Amino acid sequence: MRYPRLTLAVLGAALCTGACASDDVAREAGEPLAGLTEDEMARFLLGKAVFSRLTSVEEGLGPTYNQARCSDCHTLPVTGGSGTTENTLGKARRWENGECDLLEEEGGDLIQKEATPLLLALGYTPPEQTPAGASVRLDEPALATFGLGLIEAIDEEDILSREDPDDADGDGISGRAGRDISGVEEEEGRVGRFNRKAEWSRVYNFVDASLRTEIGLTTPRFPDEQTLGGRPIPAGADPMLDPEMDERGIGILTDFLRFQAPPARAEITSSALRDSVERGEELFDEIGCASCHTPAMRTGTNDVAAMSQKTANLYSDLLLHDLGEENAGICGPHAEPGEYRTTMLWGLRFKENYMHDGSATTLERSIELHGGEGEASQDAFDELSAEEKAFLLSFLRVL
């Protein structure tokens with residue numbers, strides 16, 4: 001897919017307001033980072049348009065896919081947000097003898113729901129079947145993409161400094177870093193920070209993988225079409241020349257995700273609510289939630305001034321933590337089935353469901369489901385008075 005050279009300065013100027021000069025990285029959901037240059041602002045706007053644009057069969061859609069545009073999975077509360085439980089992503093992997101198999105020989109771990117008219121005419125019937133070798137299949141809501149550039153801008157050393165894989169300090173928390181699975185040699189070994197299993201080290205890698213698996217667009221790094229359950233796609237099912245998405249197109253989408261701001265907290269409209277939120281934040285720390293949901297991390301030096309040396313209030317240490325066998329889902333090449341990267345809590349108030357599979361419909365229930373390394377905090381929450389629980393939930397509801 002090729003994109004014309006648009007007048008980026010004109011597009012960006014239309015978006016910039018007085019808030020562009022602010023040092024505060026948090027803004028309204030879906031808005032760009034404050035302090036972007038005119039050119040960066042224009043790249044954000046162009047990327048948002050591509051993120052929301054339907055991909056046609058003539059441009060390489062499919063032949064199997066989940067949605068024809070990125071924004072269909074990222075909707076709450078605006079474009080770039082999280083997904084709903086009505087529009088989930090099916091994933092299947094095999095966990096055996098301590099090893100995670102992404103089932104590449106059986107068509108890969110992502111279950112595509114749709115097929116193009118060309119493939120349907122050749123006798124294919126969607127959705128794609130769960131690979132026979134899978135040990136687990138889960139349907140997961142899409143994660144929000146807010147603030148990804150700030151997360152990418154955090155130094156690896158900062159993330160690694162928080163690791164304690166053997167629980168040397170005896171606090172019951174033993175987080176460890178995930179690793180990149182992009183399959184590109186130069187990315188090998190980099191600290192993962194994106195996705196539930198901390199599988200991508202860079203926003204670009206996340207975009208590249210999503211284009212291939214969600215929309216069916218081949219890319220310069222991976223120009224071969226995915227198979228149908230391990231079998232090559234039928235001749236004539238996908239006439240577009242590969243790669244179907246060029247580097248510029250990937251870069252445009254990457255810019256949009258990198259330049260999105262994290263959502264600011266909700267406005268507190270009364271002194272009573274302020275007191276409740278402040279006490280709830282204290283309790284959040286007192287019962288140990290902040291041990292994994294680290295309130296803030298600092299970005300390193302970055303070529304983009306809007307992301308350089310900034311405080312990101314993400315409420316995550318970006319490490320993998322074991323939430324117990326009862327929460328086991330799919331595995332990752334560097335993560336066991338019960339291990340998950342700590343979820344960011346910025347924008348929490350916009351979510352409709354919680355936990356990796358969306359099974360919790362209330363914040364209170366999501367806390368109660370924390371096992372493994374989260375069990376002590378869950379037990380401490382149970383011991384709070386009804387009033388204290390209300391304070392803590394008030395705090396979470398403004399994030």
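Visitor: Which residues line the second largest cavity?
Guide: This is a predicted model. The count comes to two cavities of 30 Å³ or more, and about 40 Å³ of space lies in the second largest cavity. Its lining is made of Lys91, Arg93, Glu140, Asn195, Arg196, Lys197, Glu199 and Ile330.

Visitor: How many residues of that lining are charged?
Guide: The lining includes Lys91, Arg93 and Glu140, and Lys, Arg and Glu count as charged. One residue of the lining is nonpolar and one is polar. The charged residues number six.

Visitor: Which helix gives the most to the lining of the second largest pocket?
Guide: About 280 Å³ of space lies in the second largest pocket. Of its 18 lining residues, the closest to the centre are Glu152, Arg190, Ser201, Arg202 and Arg258. Two elements give two or more residues to this lining, helix 4 (148-152) and helix 7. With three residues, the one that gives the most is helix 7.

Visitor: How does the lining of the second largest pocket divide by class?
Guide: Among the residues closest to the pocket centre are Glu152 and Arg190, and Glu and Arg count as charged. By class, the lining has five nonpolar residues, six polar and, for the charged class, seven.

Visitor: In which hand does helix 6 cross helix 7, and which residues meet?
Guide: The crossing of helix 6 with helix 7 is right-handed. From helix 6 the contact takes Val203, Tyr204, Phe206, Val207, Asp208 and Leu211. Eight residues of this contact are nonpolar, one is polar and three are charged. The partners in helix 7 are Glu247, Ile250, Leu253, Thr254, Leu257 and Arg258.

Visitor: Why are helix 8 and helix 11 described as roughly perpendicular?
Guide: Helix 8 (residues 271-286) and helix 11 (residues 386-398) have axes 7 Å apart. Angles of 65 to 115 degrees count as roughly perpendicular. The helices are therefore given that description because they pack at an angle of about 100°.

Methods:
Residues numbered from 1 in each chain as written. Predicted model: local features only at pLDDT ≥ 70, side-chain atom pairs only at ≥ 80, totals over all residues. Heavy atoms only, no water. Left-handed = near helix turned anticlockwise from the far one by under 90°. Helix = DSSP H or I, 4+ residues; strand = E, 2+ residues; numbered from the N terminus. Contact = heavy atoms within 4.5 Å. 1 Å grid on protein atoms, 1.4 Å probe; cavity = no way out; pocket = protein on both sides within 12 Å on 5 of 7 lines; lining within 4 Å. Points joined across faces, edges and corners; volume = space filled by probe spheres on them. Axes fitted to C-alpha atoms, helices over the stretch in contact; angles between N-to-C directions. Parallel < 35°, antiparallel > 145°, perpendicular 65-115°, else oblique.
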